[in-house]
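This report describes selected helices and residues of one structure. The sequence and the coordinates come first, and the text follows.

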Amino acid sequence: MITLIRCDDRLIHGQCIVRVLADFKIEKIVIIDDITASNPVLKSVFLLAVPPQTKAVILTTDEAKTNLREFIENNEHVLLLMRSPMVALELFKSYPELKQELNIGPISYRPDTRKITTYAYLTSEEMDAVNQLIERRVRVYFNQTIDQKIIEWNEVRDLFK
Amino acid sequence: MATTEQNETLGILVCTHSSLADSLKQAIEMLMGPQENFETLGLYEGGDVFSLCEEIKKQVGNMHTKKNLVFTDLFGASPSNAAAMSLVDIDAVIITGVNLPMLAEVLTLRGQQQDLNDLVIDIVNKGKDSIRTITKEMLSKG
């Protein structure tokens with residue numbers, strides 16, 4: 001089963017290992033990222049970063065669109081991890097049975113981004129994807145770790161029109 | 001880079017979350033005095049792993065050292081992952097879980113002729129062995 005769907009452009013990193021995996025009792029990480037999936041160096045760096053008790057696979061967006069069902073239907077607690085809300089939108093479109101919630105964690109600053117929270121910056125294209133998710137009735141919220149403040153996109157979206 | 005004279009000293013870069021690397025450098029210099037070919041880098045909120053990787057390559061390149069050690073704070077975390085990615089382009093070994101005793105060890109030994117692999121083993125052992133516990137029972141009474 002998919003326990004958490006999360007955008008985090010550092011993919012597997014300290015916060016993910018120290019907090020997210022434990023907080024959600026994650027047994028398997030499914031990374032959906034075209035760049036990482038198609039670059040052997042990046043792929044091995046991120047697979048190396050996975051704690052030994054956790055399983056991990058790295059898929060392209062296209063692979064995820066055709067192969068995600070096995071992760072939805074199995075009994076393991078799965079974390080779906082991707083860099084961008086655009087990828088999330090594609091997955092929600094392909095799999096309407098997914099739990100209609102997207103968590104946005106750290107997404108780094110880029111020159112054409114706007115600062116949504118101290119840790120998450122979005123381009124206008126990414127904001128469009130988030131708005132489309134909202135229209136599909138997917139709850140989109142910003143949160144780094146469960147004990148920190150949650151910011152609902154619905155509450156702040158008017159500031160970023 | 002090709003025309004630059006290579007420095008024989010072992011280059012050291014400490015790369016961590018936030019300002020830990022800077023503070024570790026300050027702390028070790030308090031013990032051992034000012035150090036050369038010893039650089040630091042921090043990952044801050046909003047920072048990304050690819051930019052950090054580029055920074056690592058730049059900092060190590062600027063030292064013009066033939067061999068390098070990159071110390072990171074947490075295995076699997078972004079500073080460590082960025083350092084791992086940089087290995088395609090720089091000549092370095094990464095040691096994760098940096099602590100002050102490890103830095104004291106490398107700064108003491110790096111001037112001596114020693115095989116890099118042996119040095120790395122020494123540093124890792126020093127780091128592990130330096131973790132001790134002190135309890136009230138260990139204090140002699142009277």
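A residue is called buried when its relative accessible area is under 20%, exposed when over 50%, and partly exposed in between, using a 1.4 Å probe and protein chains only. The model is predicted: local features need pLDDT of at least 70, side-chain atom pairs count only at pLDDT 80 or more, and totals for chains, interfaces and linings use all residues. Residues are numbered from 1 along each chain as its sequence is written, chains are lettered from A and ligands numbered from 1 in the order in which they are written, and side-chain values use heavy atoms, with hydrogens and water left out.

**Helix 7 of chain A**

Helices (H or I, at least four residues) and strands (E, at least two) are DSSP runs, numbered from the N terminus. Helix 7 of chain A covers residues 124-135, which is 12 residues. From first C-alpha to last it reaches 16 Å, close to the 16 Å expected at 1.5 Å a residue; the expected span is 1.5 Å times one less than the number of residues.

The buried residues of helix 7 of chain A are E126(A), M127(A), A129(A), V130(A), L133(A) and I134(A). They fall within an arc of 155° when seen down the helix axis, so they line one face of helix 7 of chain A. The arc is that of the directions from the helix axis to the C-beta atoms. On the face turned away from this buried side are the exposed residues S124(A), E125(A) and E135(A). Just after helix 7 of chain A, R137(A) has a positive phi of about 70°.

The buried residues of helix 7 of chain A pack against several elements of chain A, among them helix 6 (85-94), strand 5 (101-104) and strand 8 (139-142). Contact here means heavy atoms within 4.5 Å.

**Two helix pairs**

Two packed helices are described by the angle between their axes and the distance between the axes. Axes are lines fitted to C-alpha atoms, for helices over the stretch in contact, and angles run from 0 to 180 degrees between N-to-C directions.

| Helix pair | Axis distance | Angle |
|---|---|---|
| Helix 6 and helix 7 of chain A | within 8 Å | roughly 30° |
| Helix 1 and helix 4 of chain B | 10 Å | about 55° |

With the angle in the table, helix 6 of chain A is roughly parallel to helix 7 of chain A. Helix 1 and helix 4 of chain B are oblique to each other. Angles under 35 degrees count as roughly parallel, over 145 as roughly antiparallel, 65 to 115 as roughly perpendicular and the rest as oblique.

Helix 6 of chain A and helix 7 of chain A have a left-handed crossing. In chain B, helix 1 crosses helix 4 in a right-handed way. The residues in contact there include L24(B) and A27(B) of helix 1 of chain B, and L100(B) and L103(B) of helix 4 of chain B. A crossing is left-handed if the near helix is turned anticlockwise from the far one by less than a right angle, and right-handed if clockwise.

**Single residues of chain A**

M127(A) belongs to helix 7 of chain A. M127(A) counts as buried because its relative accessibility is 7%. Leaving aside neighbours within four places in sequence, M127(A) is in contact with R114(A), I116(A), L122(A), W153(A) and F160(A).

N143(A) sits in the loop between strand 8 and strand 9 (151-152) of chain A. N143(A) is also buried, at 5% relative accessibility.
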